[in-house]
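Please walk me through this model, feature by feature.

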Amino acid sequence: MGDISLSRITTQHSTAPPSLSQSESALAEAGDSSNLPDPPPSGSRNVVEALDSYPDGGLGPWLQVVYCSFLFGTSVGGVYGWGVLQDALTELASPSSVAYIGSMQAASTGIFAILAQRLIAAYGPTKIAFTGALFMGIGPIIAGSFPHNYAAIFMTQGVMFGVGQALCFGSAATLPSSYFLKKRNLATGCTFAGGGIGGAVLSLLSSALIQRVGIPWTFRTLGLLNLAINIPASLALKSRMPRKPLRSGAPIVEWSLFKDLRFCLVFFGSGLGLFPLFVPPFFLPSYATTLGLSPTTGSLLLAGFNLASSVGRIGFGLGADRYLGSVNSLVLCLGFVGITTLVIWPFATTLPPLAVFAVVNGIASGGFFSLMPGVISSLFGSSKLGLAFGMTLTGWSIGYFWGSPIAGFLLEAFGGVDAGFKAFQPAIFYSGALSLAACLLILAARITESKELWKKV
């Protein structure tokens, strides 16, 4: 690695936002990115590349994408597939209490975001992903021995699995960017799409296992599956990034960013958007059961939602690069999430409209995650990306953790799952309204950046 020149800075005269994967590449350098020069205000910007050369193809780099997508399939996919288990655990505790377990899994991504990036920079993604793989496997296996103990399931399936998936997520999210330059969008999109595909597979698998072997062995089987997939995938990761000391003295938070109105709007807008984002995947199976549909149908709806999110992750990312820009696309994305939630879901009392909602809402929800790094990069430049995105991701932990339980509280307040589908409507309206509110905040950031409404931003 000694022949690789690091931190190459080039100046581009372009208004087009950097690609999603460029932003993720800079995120891998979060420890020192704050010391790089800011983009000049004249319309040109400094694009900071971590390495001087990129394979940009070949069997080895694409295999790295495959390994990363497998890690996403079990980590992000495991969170998205939680709705099936949540539906099966309704006798264990109230819907809001059970939702806390899935929310803890999701919130771990934000809670441990900055720490995970520091550890990856210091020790490399292989060791960190391997550690995460152990947590993701051992947690559910232990949970299988305590199927009637809420506290035990929360600590094992919620906390242990959550920490593990956060470490695997952080290791896999940025690695492909060190192998690709021209094809980064495609490589990164394929990596993120693994989460949706994994969520679909795990939804169907969990449903089948619950019916055939019961909840305890469902937990154990999922844990063993996580070990079988994640340990080989983590050991196969090969980082091209140089190591950085854990105690480098670099700041982990740049408070001056909050003096920028655009950052405040994006920080709070995206954080608000996280509150409702997991309500559909967590509650679709329960909603389907309330309508009289079978648990298998509920798991199929969740699988459809997750597959659609894979399409959205790739489609919105590529569409942003080619046509609209990241910020414009995020406004459109959140708008679709809110509108479909308010217009379709409350009136979906039969399978066909509910299936339409699952697919359309899934596409828009998937787009949110693939667009956010590009939004940060296009507004603040590559030099600020590492810290800005890490801070934003950490801010998401509140919405990750509280979003779905609030929906559960609303469901309980109006009679719970036994009260019929109308009991879900307050939670549905809460979800849709917050998505539209988040959309307005991102739109305000877009207008603050440029009042030219047709400009690609």
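Q: Which residues of helix α5 are buried?

A: Helices are DSSP runs of H or I with at least four residues, numbered from the N terminus, and buried means under 20% relative accessible area, exposed over 50% and partly exposed in between (1.4 Å probe, protein chains only). In α5, residues 113–123, the buried positions are Ala113, Ala116, Gln117, Arg118, Ile120, Ala121 and Ala122. Gly124 follows α5 with a positive phi, near 90 degrees. This is a predicted model, in which local features need pLDDT of at least 70 and side-chain atom pairs count only at pLDDT 80 or more, while totals for chains, interfaces and linings use all residues. Residues are numbered from 1 along each chain as its sequence is written, and side-chain values use heavy atoms, leaving out hydrogens and water.

Q: Which residues have the most contacts inside the largest nonpolar core?

A: In soluble globular proteins, nonpolar side chains tend to be buried together. A nonpolar core is a set of buried Ala, Val, Leu, Ile, Met, Phe, Trp, Tyr and Cys residues joined through side-chain atoms within 4.5 Å. The largest here has 98 residues, and Phe278, Phe368 and Phe369 have the most contacts inside it. Helix α13 (residues 351–380) supplies the largest share of this core, 12 residues. A second, separate core of five residues includes Ile120, Ile128, Val163 and Leu167.

Q: How many disulfides are there?

A: A disulfide is a pair of cysteine sulfur atoms within 2.5 Å. By this rule the count is zero. Cys333 is buried, at 0% relative accessible area.

Terms used
Helix = DSSP H or I, 4+ residues; strand = E, 2+ residues; numbered from the N terminus.
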